[in-house]
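Subject: Handover of a structure for your review

Dear colleague,

Please find below the structure that I am passing to you.

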Amino acid sequence: MSKESRLAAKKRSAQAAKKRMIRKICKIAAIIMIPVIIICIGFAIYLNNLEKNVTSSSFVNNEGKIKGKAAKNYVTLCDYKNITLNREDNLPTKTELQNAVDAEINSHKETVDKDGTELKADSTVNLNYSVTVDGKELTDKKAENKSYVLGSNNLTKAFDDAVAKLKVGDSFDIEVTFPSDYSDSDLKDKKAKLAGKVVSVVVVPELTDAFVADKMKEEMKDSSYPLTVQGMKDFLANNIYEQKLESSIEEYLIEKTTVKSYPWLYTKAQFYLQDKNYVSTMNYYNQMFGREMYKQPADMLGLKSNKEYKNKLKEDARGTVKYYLTYQAIFEDAGLEKITEEEVKSYIAQNGTSSYDELVKANGYPCLAQAVLREKAFEHVKELVKVNGDTSKMYVDDPATPSDAEKK
């Protein structure tokens, strides 16, 4: 055999060996890839099922903790044992306190239809009336038992002033001239006669010691405040203070704690759950208004694209995960006692809008236990917080506006 023939044979042999090696590698790759593909398909199916069936209890155990996760491995806790806050920073302003007082009084207002009940310049009344212009009654302007606020001057100041002098059951026949800038174009610059009757008036009780003793005794029964006007104001001011203080504590805990990493499946569940909540809210609005106000949750949230919506879901999910990881880490670090079913039932009895059984059926037990874990951890932190300031002070002045500053 010539030298050329031997070289050609050697080359053919090397090429054949190379082909055999490639075939062998392909076979091995196929053997490896088949289970990998199966695993990927299975995982995709798993995530699809998770998306469809996600609940608030997904990946949470009956102790209220994220399943199989020690929170300390995922977050670096703030120094929750040494929080110092200023009392004055959390006191209500004068306006906030007055709004709370007004809301309490208004919650006890009554509609009175007894003839002879007097009206005030700012009373809310219910009226029946017709509107006549140039001797012709405008049937589309007729009102039956219409709620109207005296002093609003919506039907002109002349009308409001005249009705304020009447009593429940009185009839009226009042001539008015609507202004040129009146909101109803049919009545602009028109002289009209409004004839009708005062049907009833909304009576707001006067704030007195007697009112507090009668209406606030149940709400204030567990407090040390006296059943007087001042006692009620101090009670409401303290409620606002406690709410603000708790918000300040929670804001500190969440802001100062940092996340090292997010537990993937639990975070994914929160992603799907938030999407589910947004879709539910969107459907509620569409049904309430009787038309398709929003086609996608992104429209409802004012987002321009699906990508922005996904980023919003991711941000929301991570925020929720950080929130629960923080409280779980505090719970574990403080060595607090395991959550019991009795504690969960007690918590639901005090705070739930539905019964224990209904909530367990709708959301599962674990998420209820998680809520109690959060409450228990928070109360532990609150007991450790040091608050500086004058404890006799119940409110602060409203912050100065730019105009106030200019005046000074």
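In this predicted model, K376 and E343 form a salt bridge in which the closest N and O atoms are 2.9 Å apart. The pair links distant parts of the chain, with K376 in helix 11 and E343 in helix 9 (residues 341-351), 33 residues apart. K376 has a relative accessible area of 23% and is therefore partly exposed. E343 is likewise partly exposed, at 27%. Elsewhere, salt bridges that share partners bring E63, K65, E332 and K338 together in one network. The structure holds 21 salt bridges.

Two further pairs involve helix 5. In one, the side chains of E96 and K244 meet in a salt bridge with an N to O distance of 2.8 Å. E96 belongs to helix 2 (residues 94-106) and K244 to helix 5 (residues 229-256), so that parts of the chain 148 residues apart are linked. E96 counts as partly exposed because its relative accessibility is 31%, and K244 is partly exposed at 25%.

In the other, the side chains of E242 and K382 form a salt bridge, also given as 2.8 Å from N to O. Since E242 lies in helix 5 and K382 in helix 11, the pair ties together parts that are 140 residues apart in sequence. The relative accessibility of E242 is 27%, which means that E242 counts as partly exposed; K382, at 22%, counts as partly exposed too.

By type, the lining of the largest pocket divides into five nonpolar, three polar and five charged residues.

The second largest pocket has a volume of about 280 Å³. It is lined by 16 residues, of which S56, Y324, C367, Q370 and A371 are the closest to its centre. Helix 6 (264-289), helix 8 (306-334), helix 10 (356-363) and helix 11 (365-384) are the elements that give two or more residues to this lining. Which element gives the most to the lining of the second largest pocket? Helix 11 does, with six residues. The lining of the second largest pocket consists of nine nonpolar, five polar and two charged residues.

Yours sincerely

How values were computed. Residues numbered from 1 in each chain as written. Predicted model: local features only at pLDDT ≥ 70, side-chain atom pairs only at ≥ 80, totals over all residues. Heavy atoms only, no water. Nonpolar A, V, L, I, M, F, W, Y, C, P; charged D, E, K, R; others polar. 1 Å grid on protein atoms, 1.4 Å probe; cavity = no way out; pocket = protein on both sides within 12 Å on 5 of 7 lines; lining within 4 Å. Points joined across faces, edges and corners; volume = space filled by probe spheres on them. Helix = DSSP H or I, 4+ residues; strand = E, 2+ residues; numbered from the N terminus. Salt bridge = Lys/Arg side-chain N within 4 Å of Asp/Glu carboxyl O. Buried < 20%, exposed > 50% of the residue type's maximum accessible area, 1.4 Å probe, protein only.
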